[in-house]
Amino acid sequence: GGWLGDQFDQRMVIFIFMIVHGVSLIMLPTVDTFKIAVLFAIVAGLGHGGRAPAATSIRGDYFGRRYFGTILGLSTIPMNIGGIIIPLMAGFLFDVRGSYTISFITLSIMAFFGAFLILTMPSADRFRQIHGRTAN
């Protein structure tokens, strides 16, 4: 993902990997054989494994090295909150509904929404121009 982000528009790279990740979440409730589990693991690994490094490197393009640590640290706050709440909600929904399907479909929709949201970002150059920042 990081290498692809160096070759192409990082917003498009992240968009594609988020779509792939969203598709993997739709696949998850249908896993009923080892072959399907392996297919899910490959698709989920590509989606998450590609998005994570691209999303990390795009922070440097937008905010430069000087603010990289601050931006990375602040962005982990909502991710960590989600990492706590989402499994609890999924477990609660399983207890109530007897299935994880609603949880995975909801997460998939959120991934698709995030994928399209990233396309609304201005280019890194335009962002720095708007906010009066340099690439350093």
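The following dialogue examines a predicted model of a protein chain.

Student: On what basis are the values stated?

Tutor: This is a predicted model, in which local features need pLDDT of at least 70, side-chain atom pairs count only at pLDDT 80 or more, and totals for chains, interfaces and linings use all residues. Residues are numbered from 1 along each chain as its sequence is written, and side-chain values use heavy atoms, with hydrogens and water left out.

Student: Which pattern does the protein chain follow along the sequence?

Tutor: Helices (H or I, at least four residues) and strands (E, at least two) are DSSP runs, numbered from the N terminus. The protein chain has 6 helices and 0 strands. Read along the sequence, the pattern is therefore α-α-α-α-α-α.

Student: What percentage of the 136 residues of the protein chain count as buried?

Tutor: A residue is buried under 20% relative accessible area, exposed over 50%, and partly exposed in between (1.4 Å probe, protein chains only). The C-alpha atoms fill a box of roughly 50 × 30 × 20 Å, taken along the principal axes. Of the 136 residues in the chain, the buried share is 28%.

Student: Which residues touch the most other members of the largest nonpolar core?

Tutor: A nonpolar core is a set of buried Ala, Val, Leu, Ile, Met, Phe, Trp, Tyr and Cys residues joined through side-chain atoms within 4.5 Å. The largest such core has 13 residues, and the two that touch the most other members are Ile14 and Tyr62.

Student: Which element gives the largest share of this core?

Tutor: Two or more residues come from each of α2 (10–27), α3 (34–63), α5 (101–118) and α6 (124–131). The largest share amounts to 5 residues, and its source is α2.

Student: Which residues does tyrosine 62 touch, not counting residues up to four places away in sequence?

Tutor: Contact means heavy atoms within 4.5 Å. With residues up to four places away in sequence not counted, tyrosine 62 touches Arg11, Met121, Pro122, Ser123, Ala124, Phe127 and Arg128.

Student: Which side chains meet in a salt bridge?

Tutor: Side chains of opposite charge can pair when their charged atoms come close. A salt bridge is a side-chain nitrogen of Lys or Arg within 4 Å of a carboxyl oxygen of Asp or Glu. By this rule the count is 1 salt bridge. With an N to O distance of 2.7 Å, the side chains that meet are those of arginine 11 and aspartate 9.

Student: Is arginine 11 buried or exposed?

Tutor: The relative accessibility of arginine 11 is 17%. Its partner in the salt bridge, aspartate 9, has 39% and so counts as partly exposed. At its own value, arginine 11 therefore counts as buried.

Student: Which residues is serine 108 in contact with, leaving aside neighbours within four places in sequence?

Tutor: Serine 108 is found in helix α5 and counts as buried because its relative accessibility is 1%. Its C-alpha atom is separated by 9.2 Å from that of methionine 18, 90 residues apart along the chain. Leaving aside neighbours within four places in sequence, the contacts of serine 108 are Gly22, Leu25 and Ile26.

Student: How many Å apart in space are glutamine 129 and valine 31, C-alpha to C-alpha?

Tutor: Glutamine 129 lies in helix α6 and is exposed because its relative accessible area is 56%. Glutamine 129 and valine 31 are 98 residues apart in sequence, and their C-alpha distance in space is 47 Å.

Student: Why does glycine 64 count as buried?

Tutor: Glycine 64 lies in the loop between α3 and α4 (68–97). It is buried because its relative accessible area is 1%.

Student: Which residues does phenylalanine 94 touch, not counting residues up to four places away in sequence?

Tutor: Phenylalanine 94 lies in helix α4 and is partly exposed, with a relative accessible area of 33%. Not counting residues up to four places away in sequence, phenylalanine 94 touches Ser99 and Tyr100.
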